[in-house]
Amino acid sequence: MFMGEALAEAQVAANLGDVPIGAVVVSDGQIVARAHNRREQLRDPTAHAEIDALRQAARALGGWRLPGCTLYVTLEPCVMCAGALVQARVARLVYGAADPKAGAAGSVVEVLRDARFNHVVEVTGGIREAECRALLQEFFAGLRAIPRNAAP
């Protein structure tokens, strides 16, 4: 159910021309924040779905610490986003597709379960993986189909 909401956010990003990654934050069984990638729209390298969702959740819950919260995201978080999950004290991460090029929840590096940090995040991966991966593959296939020297 919650990954479906993250997938809907990812589709919004794709419709806006951004990499289709979506995220929702859940607290006590309720969605308290939802976001999608907006790097292209905002021209901001930090405008990842996870970062925006964490910011919204902090505002909604009244503090930067998010204990007991679960972040659902369609792609395994990068190092920046994984670090933000640790800093926010998020209890759990659930992601769809692994990211073998930049994943920081075990694919490339392990940030979330490293006991040397001040907080460890429980991680579950592979939820609705095929759907999450297909959305990304379709998006990038579409980009490759556009001639680079085509007039706007």
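1. Start with helix H1. In this predicted model, H1 lies across strands S1, S2, S3 and S4. Its direction is at about 145° to S1. Helix H3 (residues 49-61) lies across S1, S2 and S3, and runs at about 145° to S2.

2. Next, the sheet. Five strands form an open sheet in the order S2-S1-S3-S4-S5, and the pairing is mixed. S2 (30-36) and S5 stand at the edges with a single partner strand each, so one side of each has no neighbour in the sheet. On average, neighbouring strands are turned by 20° against each other, direction ignored.

3. The antiparallel pairing of S1 and S3 comes next. Strand S1 (residues 22-27) pairs with S3 in the antiparallel sense, over four bridges. Val 24 has Tyr 72 as its bridge partner in S3.

4. S3 also pairs with S4. Here the strands run parallel, and five bridges join S3 (residues 70-75) to S4. Leu 71 has its bridge partner in S4, namely Leu 93. From S3 the chain passes through helix H4 (residues 79-87) to S4, a β-α-β crossover that is right-handed.

5. Is S4 enclosed or open to the outside? Five of its six residues (92-97) are buried, so S4 is largely enclosed by the rest of the structure. Its other pairing is with S5 (residues 122-124), in the parallel sense, over three bridges. Arg 92 has Glu 122 as its bridge partner in S5.

6. The loop between S4 and S5 holds Ala 115. Ala 115 is exposed, with a relative accessible area of 66%; over 50% counts as exposed. Ala 115 and Cys 69 are 46 residues apart in sequence, and their C-alpha atoms are 19 Å apart in space.

7. Now helix H5 (residues 129-145).

8. Which residues of H5 are buried? They are Cys 132, Leu 135, Leu 136 and Phe 139. These cover an arc of only 90° around the axis, which puts them on the same side of H5. An α-helix has 3.6 residues a turn, so residues three or four places apart point the same way. The cover over the buried residues of H5 includes H1 (2-15), S3 and S4.

9. The face of H5 turned away from its buried side carries exposed residues: Ala 130, Glu 138, Arg 144 and Ala 145.

Technical notes. Residues are numbered from 1 along each chain as its sequence is written. This is a predicted model: local features need pLDDT of at least 70, side-chain atom pairs count only at pLDDT 80 or more; totals for chains, interfaces and linings use all residues. Side-chain values use heavy atoms; hydrogens and water are left out. Buried means under 20% relative accessible area, exposed over 50%, partly exposed in between (1.4 Å probe, protein chains only). Helices (H or I, at least four residues) and strands (E, at least two) are DSSP runs, numbered from the N terminus. Two strands pair if DSSP finds at least two bridges between them. A crossover is right-handed if, with the strands pointing away from the viewer, the path from the first strand over the helix to the second runs clockwise. The arc is that of the directions from the helix axis to the C-beta atoms. Contact means heavy atoms within 4.5 Å. Axes are lines fitted to C-alpha atoms, for helices over the stretch in contact, and angles run from 0 to 180 degrees between N-to-C directions.
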